[in-house]
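Subject: Structure handover and findings

Hello,

Here is the structure for you to look over. Please open it next to this email as you read.

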Amino acid sequence: MIVNAVQSAGLRFGMWGAGLAGLGRLGAAGLSAARAPGGFKANAAALLGDPARQMQGMAVLRAFAPNLRLNRELVAAYANSGTVIVTRHADVMDVLCRDDDFEVVYGPRMRELTAGENFFLGMQPGWDYRRDTSAMRLAMRDTDVPARIAPRAADLAAQAVADAGGRIDLPPDLTLMVPTDMVTGYFGLTGVNPADLQGWATRLFWYLFGDLAADPTLGAGAMEDAESLRDALDTAVAARKAAGGDGDDLISRCLALQAAGVPGMDDLGIRNNLLGLVIGAIPTISKACCLAMDELLRRPDALRRAQAAARTGDAAQLAPHLWEALRFNPHNPVIYRRATRDTVIAPGTLRARRVRKGDMVFAVTLSAMHDPAAIDAPAQFRPARPFTDHIIWGTGMHTCFGAQINAAVIPAILMPLLARAGLRRAEGDAGRCDTGGTPFPQHMTLIFDPE
Ligand code: HEM
């Protein structure tokens with residue numbers, strides 16, 4: 001008991017110390033942003049978008065206000081009555097698993113994109129969710145990942161790196177190209193210009209999950225893209241039907257399920273399910289690859305070890321370096337939910353927080369992955385830590401449907417690049433991750449020694 005008390009006091013003092021240090025560093029960063037050309041206002045977005053600064057902010061919250069409620073509505077895209085920011089690992093996991101208390105909010109925008117029905121990421125537990133996920137699990141099989149998806153990704157990535165001549169712009173030449181090929185080939189969405197497909201999926205993802213301010217221009221563009229994507233899917237489904245539906249891509253398998261009378265697999269159901277998967281697949285894999293590379297390039301020692309692992313040619317040796325990079329620089333630093341009723345987060349603890357029905361709850365997974373109460377030596381870059389320390393594709397009922405794909409495809413994409421000697425950023429701005437005013441990397445040029 002005494003040991004426990006000493007440990008828990010040590011933890012608390014450690015958190016306070018980290019919180020105070022975070023406060024100091026944030027203050028210093030704020031001051032230099034204010035002194036930089038354009039002043040604080042012009043530099044605030046870059047400051048807040050930097051994952052290192054986000055982590056300092058989270059250290060402050062974990063120490064002094066672990067479940068912070070604001071009366072302000074930070075999300076305009078989905079109805080809510082206030083915001084709660086949840087930062088401790090136990091509470092983040094709890095929020096993401098208490099589906100009855102904290103619901104997904106994306107349904108209304110999902111329906112706009114399908115021009116009708118919801119997609120399963122926008123659904124609460126129930127028959128519709130079980131019907132769609134069950135049918136799509138039968139079509140998109142775990143066994144496809146090692147048999148088809150990963151080998152194809154590895155071949156394409158190796159070819160792209162070999163053809164690059166020592167200079168590669170990651171998003172267009174590698175990280176978008178590979179998942180787009182997966183969608184046109186394995187999914188079966190043929191007959192579409194790859195650049196169009198990338199543009200639609202990227203803007204639709206942004207509209208669904210990242211458009212917190214409800215920007216009308218973005219919304220108008222998303223409606224056009226959704227219509228184009230629906231048309232492309234309708235055309236592909238009709239073409240596969242006309243061809244007898246005997247192929248072995250997702251669309252053909254969905255049509256086989258339709259012929260067998262599986263619920264939810266009418267033409268419209270197939271289109272809606274595919275629409276959600278296409279949006280989820282392309283920009284995400286690309287962004288995660290760029291963020292993992294960006295983080296490794298910031299850490300020469302980690303990069304050197306990741307490169308040594310890549311040169312073994314064994315994806316299982318490389319993968320932990322990438323998951324650890326994503327723990328510091330994740331695709332999703334936050335997942336949000338809305339309270340379905342008045343309830344309490346962390347009941348019975350000193351950090352208990354009352355939540356009102358309608359509050360938007362930000363489960364800050366970035367913070368959870370750095371909570372010393374749950375994660376051993378969270379500030380250290382340790383690829384050997386358990387995978388459960390990484391909440392990089394969500395948790396609970398809505399855990400990423402593509403998790404197995406991500407686990408195989410991201411290492412497959414990055415392995416041939418990381419295996420190259422002399423890998424470094426291109427000079428100047430070209431070597432930095434450029435999102436071009438979107439939440440997704442558009443350019444990031446790396447150079448390496450030609451063979
Ligand atoms: C590195 C790439 C990816 C990342 C970081 C990522 C991240 C996530 C996260 C955080 C969630 C949970 C969202 C929530 O709880 O609100 C999620 C769910 C989902 N993802 Fe992914 N994802 C990735 C790739 C993919 C791919 C390749 C696909 C499709 C093949 C996909 C399809 C989905 C779907 C359909 C869901 C909803 C699952 C459900 O509601 O049960 N994602 N993803």
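Below are the findings, topic by topic.

Please keep in mind that this is a predicted model.

**The iron site**

Which residue is the protein donor of the iron atom of the ligand? Cys400 is the only one, through its SG atom at 2.3 Å.

Ala377 is partly exposed, with a relative accessible area of 22%.

**The cysteines**

How many disulfides does a search of the whole structure find? The count is 0. A disulfide is a covalent bond between the sulfur atoms of two cysteines. The cut-off used here is 2.5 Å between the two sulfur atoms.

Take Cys97. Cys97 is partly exposed, at 44% relative accessible area.

Now Cys289. Cys289 is in no disulfide either. Its nearest cysteine sulfur belongs to Cys290, 6.8 Å away. Is Cys289 buried or exposed? Cys289 counts as buried, because its relative accessibility is 0%.

**Helix 2 and its neighbours**

Helix 2 covers residues 39-49. Its buried residues are Gly39, Ala44 and Leu47. Seen down the helix axis, these fall within an arc of 105°, so they line one face of helix 2. An α-helix has 3.6 residues a turn, so residues three or four places apart point the same way.

The other side of helix 2 carries exposed residues: Lys41, Ala42, Ala45 and Ala46.

What covers the buried residues? The cover includes helix 1 (2-35) and helix 3 (51-64).

Arg25 belongs to helix 1. Arg25 is partly exposed, with a relative accessible area of 49%. The C-alpha atoms of Arg25 and Gln56 are separated by 7.3 Å. Along the chain, these two residues are 31 residues apart.

Strand 4 and strand 10 (residues 445-447) are joined by 3 bridges and run antiparallel. For Asp169, the bridge partner in strand 10 is Thr445.

**One more backbone angle**

Ala115 is not a glycine, yet its phi is positive, at about 60°. Where is Ala115? Ala115 lies in the loop between helix 5 (107-114) and helix 6 (127-139). Ala115 is exposed, at 54% relative accessible area.

**To recap**

- Iron: Cys400 is the only protein donor.
- Disulfides: the search finds 0.
- Helix 2: its buried residues line one face, and helix 1 and helix 3 are among the elements that cover them.

Best wishes

Conventions
Residues are numbered from 1 along each chain as its sequence is written. This is a predicted model: local features need pLDDT of at least 70, side-chain atom pairs count only at pLDDT 80 or more; totals for chains, interfaces and linings use all residues. Side-chain values use heavy atoms; hydrogens and water are left out. Buried means under 20% relative accessible area, exposed over 50%, partly exposed in between (1.4 Å probe, protein chains only). Helices (H or I, at least four residues) and strands (E, at least two) are DSSP runs, numbered from the N terminus. The arc is that of the directions from the helix axis to the C-beta atoms. Contact means heavy atoms within 4.5 Å. Two strands pair if DSSP finds at least two bridges between them. Donors are N, O and S atoms within 2.8 Å of the metal (3.2 Å for Na, K and Ca); water is not among the atoms, so sites may look incomplete.
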